[in-house]
Amino acid sequence: MQLTRPLPRLKARKRKLSRLARAEEREGYLYISPWLIGFVVFTLGPMIASLYFSFTEYQFPAPPKWNNLNNYVYAVTKDELFWLSLGNTFYYVAISVPLGLTGSLFLALLLNREFSGRAFWRTIYYVPSIVPVVATTFLFMYIFHPDFGLINGWLWKLFRIQGPGWFTSREWVKPTFILMSLWGIGGTPMIIFLAGLQNIPVELYEAAEIDGAGRWSKFVNITIPMLSPTIFFNLITGMIGAFKIFGPAWVATRGGPYYGSYFYVLHIYNQAFLLWNSGYASALAWILLVIILFFTLVQFKLAQRWVYYEAASLTGMA
Amino acid sequence: MDKLRRWPVMSLRFFSLHFFANAVTVLLGLLFAFPLYWAVSNALKGPREMFRIPPLWYPPHPRFQNFLEVNELVPFFLFMQNTAVLTVLRTVGGVFSASLVAYGFTFFRFRGRNILFFILIGTMMLPAEVTLVPTYVMFSKVGWVDSIKPLVVPLWFGGGAFSIFLFRQFFASIPRELNEAAKVDGCSSFRFYWSILVPLSKPAFITLSILFFQWSWNDLMEPLIYLNSIEKQTIPVGLLSLRSAASGAVALKLGKPTEHLLMAGAVMAMVPSVIVFFTLQRYFIRGIIMSGIKG
């Protein structure tokens, strides 16, 4: 999918640029130079370095020693926490991403209607996403407290059910993090869905009505295809974000209980900054990069089946 | 607005569905708002009121001194000040350098532009975790660890691919004739940026400022890695110190229970984000809609 507006075509004048064109070129490079320098110093350089470190036995600040593929072999064959954290992360991604995506689409559909107080309700749904993650986590730990929490209090009062331990239970800790993430579905993805909905040309609906299309048929045949580039955008960004979950788990459980919420980035962080296995942490990070790249490419491949590309230009996404 | 006209007028079905959707909006909205209410309500409760069963729906004797007592446990106001300084430096640097780079990518033709822009888009997918270790090594070699420099300086070099992308989407909707006309009139390229592009792109600048503010105010991992001294700490990490102080030895020394102060700290951490969003939200939603990442 084309994520960007096409750049105006460069004229294919390869040889002699006019004096003016050369001046323009110089200025252009001048303006993008902050990014160019930043890219080399803070992205490309460190990436090459981390690829090199990933093949070394390296305990910062001691110098790195070449170690062949041992870090990778160790991760795959010996490190139980590698597979455990990977499994936890897949669990989290596989459930929180589809739920979050449908949730924010649902909210956007609700809030795209005309009704009084619309701006107010949009704000209400948006605000949870801007609460600092540490504060959110404290709040949810309190609400989901096994003994004093509201949730278990209500479960007992209404249904006489002894509620689970939530953050303190190995089985429940991941679902609890997923529930917590759902509090934020009214955030930026929802706003992006709203923007997408508002950019669907009204004429399409009018034409469908003339043809006698019902509400459901309009939703399935117009709204969803026209929104598909937006859905795809939110899917990709949401998926990448979910793979990198760190904050809530660090605050609430540090990966516990019994590694029940030990997500992959926690493993990287612990290896890098608690155990100072800098080489091994780099290898873990490169594995994450490959995983994210793989799933992004799979999504791009799958997108050819369900994303309606014409909509990208019609709605101005491209 | 157009949406209303799409609905079939006044049929019974229309009425019931619309009514049903309104009810869902309100009920779900209350569910979403409730945790916020609960946070504020508990921030004002006393030490024993927080864990009462059945719970107290509102604080019987609101204790506003809770907010001050937080500062007795940990230097919370200092954390807020640190976070504010850090956030301003990151936001200003990020917004201006990203907009300048986007300006370069949108209004100038130069060889290699499309390839460079493609690379830039590609970096959006890179998890920052990959560069974590080498970046730390680099900053510790130049002696920047335990200062805010590692958290600020990279932002002044382009402000991140996503911000550049967003700015460029916005700039692309500005008529190029404007730029041509300004050039003919002898307007320098920086003057065009400063006196024409910036004022025209106010929603984009405000949207990006809000996004930078939120990200920086909430950022947990970078302060965790780079800031060691307590007096340099930011709010997210400071809240963690507050938690250990409130439940640990410090509380015993004070001789009084302090666990209720945790919610007071959490509420103080939320307030600036919420205020910033409320004052600027009109521009924010417009900014997102007008930039390219819409439908």
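Modeller: Let's begin with a pair of helices. Helix α4 (residues 76-107) of chain B and helix α13 (residues 235-247) of chain B have axes that come within 9 Å and cross at roughly 165 degrees. Helices (H or I, at least four residues) and strands (E, at least two) are DSSP runs, numbered from the N terminus. Axes are lines fitted to C-alpha atoms, for helices over the stretch in contact, and angles run from 0 to 180 degrees between N-to-C directions. This is a predicted model, where local features need pLDDT of at least 70 and side-chain atom pairs count only at pLDDT 80 or more, while totals for chains, interfaces and linings use all residues. Residues are numbered from 1 along each chain as its sequence is written, and chains are lettered from A and ligands numbered from 1 in the order in which they are written.

Colleague: How are α4(B) and α13(B) oriented to each other?

Modeller: Angles under 35 degrees count as roughly parallel, over 145 as roughly antiparallel, 65 to 115 as roughly perpendicular and the rest as oblique. α4(B) and α13(B) are therefore roughly antiparallel.

Colleague: Which residues of α4(B) and α13(B) meet?

Modeller: Two residues are in contact if their C-beta atoms, placed from the backbone, lie within 7 Å. From α4(B), B:Phe76, B:Phe79, B:Met80 and B:Thr83 meet B:Ile235, B:Gly238 and B:Leu242 of α13(B). By class, the residues of this contact are 5 nonpolar, 2 polar and no charged. Here Ala, Val, Leu, Ile, Met, Phe, Trp, Tyr, Cys and Pro count as nonpolar, Asp, Glu, Lys and Arg as charged, and the others, Gly among them, as polar.

Colleague: How many residues does each chain give to the contact between chain A and chain B?

Modeller: Chain B gives 80 residues and chain A gives 87 residues. On the chain B side there are 54 nonpolar, 18 polar and 8 charged residues.

Colleague: Now to burial. How many residues of helix α12 (residues 264-274) of chain A are buried?

Modeller: A residue is buried if 20 or more other C-beta atoms lie within 10 Å of its own, exposed if 12 or fewer, and partly exposed in between, with C-beta atoms placed from the backbone. In α12(A), 8 of the 11 residues are buried, including A:Tyr264, A:Leu266 and A:Ile268. The buried residues of α12(A) pack against α3 (80-111), α11 (247-252) and α13 (278-306) of chain A, together with α6 (132-141) of chain B.

Colleague: What should I look for in the backbone angles?

Modeller: Most residues other than glycine have a negative phi, and most peptide bonds are trans. A:Arg160 has a positive phi near 55 degrees, and A:Trp166 has one of about 50 degrees.

Colleague: Where are A:Arg160 and A:Trp166 found?

Modeller: A:Arg160 is in the loop between α6 (150-159) and α7 (173-182) of chain A, and A:Trp166 is found in the loop between α6 and α7 of chain A. A:Arg160 counts as exposed because it has 7 C-beta neighbours inside 10 Å, whereas A:Trp166, with 23 C-beta neighbours inside 10 Å, counts as buried.

Colleague: Which residues does a cis peptide bond join?

Modeller: One such bond joins A:Phe60 and A:Pro61, with omega about 5 degrees. A:Pro61 sits in the loop between β1 (56-57) and β2 (65-66) of chain A. The bond from A:Gly256 to A:Pro257 is also cis, with omega near -15 degrees.
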